[in-house]
Amino acid sequence: MSIKTLTMTAIVALGTSAAFAEEVRVYNWSDYIDEDLLKKFEEETGLTLIYDVFDSNEVLETKMLAGGSGYDVVVPSGTFLQRQIQAGAFQELDAAKLSNSGNLWDVIQERTAGYDPDNAYSINYMWGTTGIGVNVAKVKEALGDDVALNSMDLVLKPENMEKLASCGVHFLDAPSEIIPMVLQYIGEDPDSHDKDVIGKTEEVLLGVRPHIQKFHSSEYINALANGDICVAVGWSGDILQARDRAAEADNGVEIEYHPFAEGSLMWFDQMAIPADAPNPEGAHQFLNFILDANNMAAASNYVYYANGNKASQEFLEEDVIGDPAIYPNDATMQNLYITTPYPAKTQRTVTRLWTKIKSGT
Amino acid sequence: MGRPGLAVMDGHGCGFAGELMRRALLIAIPYVWLLALFLVPFFIVLKISLSDVELAIPPYTPTLDLSQGWAGITDFFSQLDFENFVWLTEDDLYWKAYLSSVKIALISTVLTLLVGYPIAYGMARAPTEWRPTLMMLVILPFWTSFLIRVYAWMGILSNEGYLNQILLWLGIISTPLTILNTNTAVYIGIVYTYLPFMILPIYSSLERMDESLIEAAEDLGCSRLKAFWLVTIPLSRPGIIAGCFLVMIPVIGEFVIPSLLGGSGTLMIGKVLWEEFFSNRDWPVASAVAVVLLLILVIPIVLFQRNQQKQTEAGQ
């Protein structure tokens with residue numbers, strides 16, 4: 001091979017790798033980051049960041065299973081991550097490229113290892129609980145001043161829901177979270193995969209169904225903040241964001257978030273790199289950027305979700321680290337439960353039950 | 001589809017072979033179009049509908065393995081079956097969803113016709129110099145994204161939305177009406193979105209109408225209303241039919257409007273399809289639902305066209 005050809009090949013090779021390195025595509029949940037961080041990442045690395053959002057694990061999972069999503073970093077929740085790892089959708093992380101991984105919090109790492117053994121495929125981005133968001137004034141107006149705002153009775157007892165219906169109640173459109181919650185309420189194992197046990201939730205949910213205005217997993221943030229609805233069963237940080245949006249708008253709406261007194265679901269959103277990511281190098285750079293204590297703290301301070309980054313805790317604002325709705329105290333922590341993915345047959349039962357509850361058929 | 005070719009037959013000056021080529025090309029274009037954009041995708045969906053679910057990428061099996069040659073192909077076909085179609089008949093969810101979609105589509109088509117016809121009539125009767133402006137006004141909403149327009153309706157129809165605020169201010173109602181997240185909102189959204197598809201074909205058939213026909217009818221003793229009923233309506237029939245098809249067919253499979261404006265109780269086949277595909281990760285059943293939906297749409301259209309053809313032949 002002549003020197004000329006060699007140089008040409010080298011130039012072409014450099015050219016292509018440079019072209020690949022220019023972009024990192026991230027697919028994350030909606031309302032889930034401080035957008036200043038995205039600019040900061042671009043400035044620090046010189047990479048172009050393409051940041052898209054979704055609002056349901058199902059949408060992400062379908063893209064992962066179809067393959068060729070074109071994303072370099074995606075953020076599935078624990079149970080979904082576990083199943084997608086089994087399907088071969090992710091690549092193992094290269095520890096050498098994640099110099100900040102020492103910042104991770106062992107308490108959370110131990111729990112996420114249940115979904116991702118040895119945490120080989122993912123890092124924790126944020127975690128939270130599924131609980132209840134209330135418009136304090138409207139709920140007290142409907143149910144009296146001494147109502148327990150953190151009880152599942154509020155949303156699962158028909159006589160309460162009847163009174164709340166006129167001011168509007170939304171539930172998450174996520175059977176994998178609502179069904180465990182109802183199981184917990186009726187004293188069954190929230191992580192049950194037994195069809196008959198799962199079937200018991202039908203009666204409870206159908207009892208309150210006529211009073212639920214909508215099942216949706218992102219609309220409730222604005223709906224709560226605007227005062228369109230008065231109760232939402234939703235994700236901790238989303239409801240806290242609604243609280244802040246209402247406060248900013250100064251519209252007289254006061255929102256509170258509570259994990260359920262009966263016990264709440266604890267979930268983990270994990271950052272992982274798809275097996276066919278076009279730019280795994282850039283993906284690792286993004287993960288390492290997120291693992292930085294300051295950056296992670298900035299994200300949590302902005303979206304009001306707890307993170308799995310021990311080192312970031314000293315940079316967290318007092319209304320984040322000090323809020324038991326975000327960083328639960330030990331008593332609440334004892335009360336939290338986790339779930340595991342449903343096998344395909346059980347999944348079908350769950351989806352069918354969910355359709356029946358939502359649409360009445 | 002052979003008709004364009006016939007017209008070319010009496011052309012002069014070209015060689016016979018060239019003539020044949022042109023004919024073949026003219027006939028081929030629509031067939032290639034149909035093959036590439038309808039039949040190929042349809043067979044891909046049909047193939048998936050005969051497969052089984054698997055936790056893999058892609059999430060179904062079998063996949064065609066050409067490296068094993070003929071054995072691979074026969075092996076592939078032997079694994080296909082109609083299990084998923086049988087499944088559709090075992091659960092009443094599916095036919096209920098089909099029926100409910102057809103019902104919503106029929107009602108909204110009638111509503112769109114009732115709103116669209118007077119508008120199209122008004123446009124066709126307007127002074128000639130106004131017509132391009134009116135036409136522009138009908139098309140103008142397309143310049144904004146469809147999604148944004150549906151979102152705008154959420155702002156109008158919500159409990160704290162503009163409509164309720166105006167009605168409360170006028171004193172017509174004392175508590176806000178719940179419109180958003182109900183079927184009413186779905187109908188409003190559909191009629192609004194699909195209105196131009198109804199107006200444009202009706203307008204084009206009305207515009208071409210010879211107005212002296214109405215004068216003749218009136219000279220012969222028809223009242224204005226009767227002339228409208230006996231002359232205008234039958235002459236605009238092709239436009240009405242085209243408009244109804246353009247509205248009804250996409251509405252049956254509609255997903256965005258019911259999921260944004262409808263409540264969780266709004267049962268439509270588009271949503272069922274979404275759930276099979278996304279929640280159950282069951283692409284084969286989702287594809288079976290899609291194949292049946294296609295048959296539901298195609299069969300009445302074919303029957304209708306046959307009927308039309310017979311009528312024209314009988315007329316001649």
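Biologist: How many helices and strands are there in chain B?

Modeller: This is a predicted model, and in it chain B has 15 helices and two strands.

Biologist: What is the radius of gyration of chain B, and what would a compact globule of 316 residues have?

Modeller: The idea is to set the chain against a simple rule for globules. For a compact globule of 316 residues the rule gives a radius near 20 Å, whereas chain B has 25 Å. Along the principal axes, the C-alpha atoms of chain B occupy a box of roughly 75 × 75 × 35 Å.

Biologist: Where in chain B is confidence lowest, and where is it highest?

Modeller: Begin with the average, then go to the elements. The mean pLDDT of chain B is 87, and 95% of the residues reach at least 70. Helix α1 of chain B (residues 3-9) has the lowest confidence, with a mean of 44, and helix α9 of chain B (residues 183-207) has the highest, at 95. Residues 1-11 of chain B have a pLDDT below 50, and this stretch makes nine contacts in the model beyond near neighbours in sequence. For the model, ipTM is 0.74 and pTM is 0.79.

Biologist: Which peptide bonds in chain B are cis?

Modeller: The angle to read is omega. The bond from I57(B) to P58(B) is cis, with omega near -10°, and P58(B) sits in the loop between β1 (52-53) and β2 (60-61) of chain B. The bond joining T61(B) and P62(B) is also cis, with omega about 0°. P62(B) belongs to the loop between β2 and α3 (69-78) of chain B.

Biologist: Which residues have a positive phi although they are not glycine, and are they buried or exposed?

Modeller: One is N181(B), with a phi of about 70°, in the loop between α8 (162-170) and α9 of chain B. N181(B) is buried because its relative accessible area is 8%, under the 20% cut-off. Another is R281(B), with a phi of about 55°, in the loop between α14 (269-279) and α15 of chain B. R281(B) has 7% relative accessibility, so it counts as buried.

Biologist: Where is Q311(B) found, and how far is it from P258(B) in space?

Modeller: Q311(B) is in helix α15 of chain B (residues 283-315), and its relative accessible area of 41% makes it partly exposed. Q311(B) and P258(B) are 53 residues apart in sequence, and their C-alpha atoms are 37 Å apart.

Biologist: And in chain A, what is P341(A) in contact with?

Modeller: P341(A) lies in the loop between α17 (330-335) and α18 (344-359) of chain A. Apart from neighbours within four places in sequence, P341(A) contacts T79(A), Q82(A), R83(A) and H193(A). P341(A) counts as buried because its relative accessibility is 17%.

Definitions and conventions:
Residues are numbered from 1 along each chain as its sequence is written. Chains are lettered from A and ligands numbered from 1 in the order in which they are written. This is a predicted model: local features need pLDDT of at least 70, side-chain atom pairs count only at pLDDT 80 or more; totals for chains, interfaces and linings use all residues. Side-chain values use heavy atoms; hydrogens and water are left out. Helices (H or I, at least four residues) and strands (E, at least two) are DSSP runs, numbered from the N terminus. The radius of gyration is taken over C-alpha atoms; the globule rule is 2.2 Å times the number of residues to the power 0.38. Buried means under 20% relative accessible area, exposed over 50%, partly exposed in between (1.4 Å probe, protein chains only). Contact means heavy atoms within 4.5 Å. pLDDT is the predictor's confidence in each residue, from 0 to 100.
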